[in-house]
Every structure is written in C-alpha cells, then in structure tokens.
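Thank you for passing this model along for comment. My remarks are set out as numbered points, to be read beside the sequence and the coordinates.

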Amino acid sequence: MHYRLTAVVAGLALTLGLAACGAEDNDESASAGAAGDAFPATVPTEFGDVTVEEAPERVVALGWGDAETALALGVQPVGASDWLGFGGEGVGPWADGLYDEAPEIIETLEPSYEQIASLKPDLILDVKSSGEQERYDRLSQIAPTVAIPEGKQSYLTSMEEQVTMISTALGAPEKGEELLADVEQQFADAAEDHPEFDGKTISVAAFTSEGWGAYIEGNERVAFMERLGFEQNPAIEELTPEGFTAKIANEHIGVLDADLVVVFPIWLPATDVTDQPLFQQIPAVQDGRAIVFDDDDEDIRQSYSANTVLSVPFALESVVPMLAEAVD
C-alpha cells in the first residue's frame, strides 16, 4: 500500500499517454471537446465564487498540501510552497517522480507576491491556508485564486474540500472523486483491521518552543484518527482554540489524558517532551499508551501531518502499526 496511490496516478498518466499515441484525429478532437466541457469551472470560496474560464497551464500552489493534490490530479505546479520543509521539489517521498521539472519554491506564511507574479500563473491555489482577506486580495490581483472554503480559516480545510475544489478548478472533478473514494476505502480497510480503535478517545498535541497545544476538531491530525475509529478527547473540545490548536499551560497538560496520546515535537527533540515530569505523570503515558514522534520518524509524522491523497497510503502503512502497539 506504501505507494499505491502514486502508482495509480502514474498508471493513469501512462494509460492516457498510450491511448493518445494510438488515437485517430477524430478521437483527439473528441477528447479535446470532452476536456473543454469542464470549463468554465466555478468554485465557491470564502471570498465568493471563482470562475476558471479555461484549462490552466501555469498553476501556483500555495496552500498546505495544495501542490500534492494538484500532482495527484496530473497537474504539475510551476510554483509551490514547501510547508513541511521537505526541500527539493517541496513534496514528500510519496510524490517522488511526479514532477518533470521542479517548481519554484515560494515562502509559506509570507509569500513574495512579486515572485508569484513573475511565474505568470493563470491559476493560484490557496485552498488550505490561513485565509486572510488581505492575502486573498493580493493574490487575486495576480491571477484567479481558489482560496479557502467558506468558514475554514487557519488551515482547517478538509481533504475532501481540498480535493473537490482543486479538481473542479483543474477540470478533473471525476478524477477527484476517484481519488477520494480510494482514500476512503483505505481508511475503512484499516479501521476494519483494527476494531480495537473504535470508540477510543485520543489527544493529538504538539510541543514547541512556545509550549503545548492540542489540535482541535477539524484539524487533519485529528481527522486522520477519527477515520480510523478514534474519538476526540472531550476535554480538549472544552478548551478555547487559537487557530487550529488550543494552548495548554504546562501545569495543565494532564488534560491530554485519554485512551491514547499522540505528540508532535515541532523543531525540538522528542526528549524535550518525554523528560518532562508532568508529562510522565499523565496516566496514559505511565501505561505506555502514548506516542511521541522523534527524528527517526520524520517521514512518518510528515505523511501524517500532510494528510493529502498522496501521503495517506504512506501514513496508514507506517502509523497504524504504531497506534495498534500503543493501544494494546
């Protein structure tokens, strides 16, 4: 299952390529006509409907996971943001080989609008982002911009929304539906293989140089677990969120206690978490029902964090065994 979805995408591209090589002129005309039927395409967003008049040829993907989503749909962005610091082409190993030419990498939180404009995009994807009005206004002055769905600021766009919006904008809504169905089946298979996950409460948290934060409902790290049968820790839902996390004072980290606790140290060694006396006192931690990702788990935690249709197969294969061991 490791690179199953990548293989599917590559196989589709090869099949389409071979078919094109053997097609007669009238077949090519029919194919072009079918593709043209997808445009103009209209995508509802937080800032109103965005209409893409014709198939885009120069796409810039700025949102979290937007580039991987475009790649899964067979479109190679000319510019992209590297949210997880992969380097190189700005995507994880599960997307290796999907670019013919590496995109120009664009800063994440404060992108250079001049750099974006220099790429002469005819479509900008900012579907999973912070969603500020000013950011959207500046981007839309450069090219039609598909921004966040309504009410989904602070990177809370779901995978389903991301794939649906981007596939529509790229003229490939049916392929988007196929990708989502494949991912849904993989989650269903994993959940069926592990009935012990069903109904178990889970806390997913991050520890940074600024302290503790628990991921709230709607964040991809929580959604990943819920698809496997876990339930969000109710105590976390009672906290006040700031963006996609709720801050927790060190002396209150006992609120993380659940059937399973998962922690992401961000730019810090795992020992900065595991050596904390208060963390060690959490009942779930004392019972061994906790996972703290360390540097050796880099690809694993990034596949889990990315939560794209390309990264999910990698994450399921890698993360699910860790969850099963901790729950047992």
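The points below take up the pocket, the strands and the salt bridges in turn.

1. Basis of the note. This is a predicted model, in which local features need pLDDT of at least 70 and side-chain atom pairs count only at pLDDT 80 or more, while totals for chains, interfaces and linings use all residues. Residues are numbered from 1 along each chain as its sequence is written, and side-chain values use heavy atoms, with hydrogens and water left out.

2. The largest pocket. Its volume is about 1,000 Å³, and its lining comprises 33 residues, of which T208, Y215, F244, I266 and W267 lie nearest the centre. Elements giving two or more residues to this lining include β8 (201-208), β9 (211-215) and β12 (260-265). (A pocket is an open set of points on a 1 Å grid over the protein atoms alone, where a 1.4 Å probe fits, with protein on both sides within 12 Å along at least five of seven lines; lining residues have an atom within 4 Å of a point. The volume is the space filled by probe spheres set on the points, which are joined across faces, edges and corners.)

3. Strand β12. β12 runs parallel to β8, to which six bridges join it, and A205 has V263 as its bridge partner. Three bridges also join β12 to the parallel strand β13 (residues 290-292), where V261 stands opposite A290. (Strands, E, are DSSP runs of at least two residues and helices, H or I, of at least four, numbered from the N terminus.)

4. The five-stranded sheet. An open sheet has the order β5-β4-β3-β6-β7 with parallel pairing, where two strands pair if DSSP finds at least two bridges between them. β5 and β7 (145-146) are its edge strands, each pairing on one side only.

5. Salt bridges. The structure holds nine of them, each defined as a side-chain nitrogen of Lys or Arg within 4 Å of a carboxyl oxygen of Asp or Glu. D126 and R135 meet at 2.8 Å, N to O, and both residues are buried. For E160 and R227, the closest N and O atoms are 1.8 Å apart; this pair links helix α6 (residues 159-169) with helix α8 (residues 220-227), the two residues being 67 residues apart.

Terms used: Buried means under 20% relative accessible area, exposed over 50%, partly exposed in between (1.4 Å probe, protein chains only).
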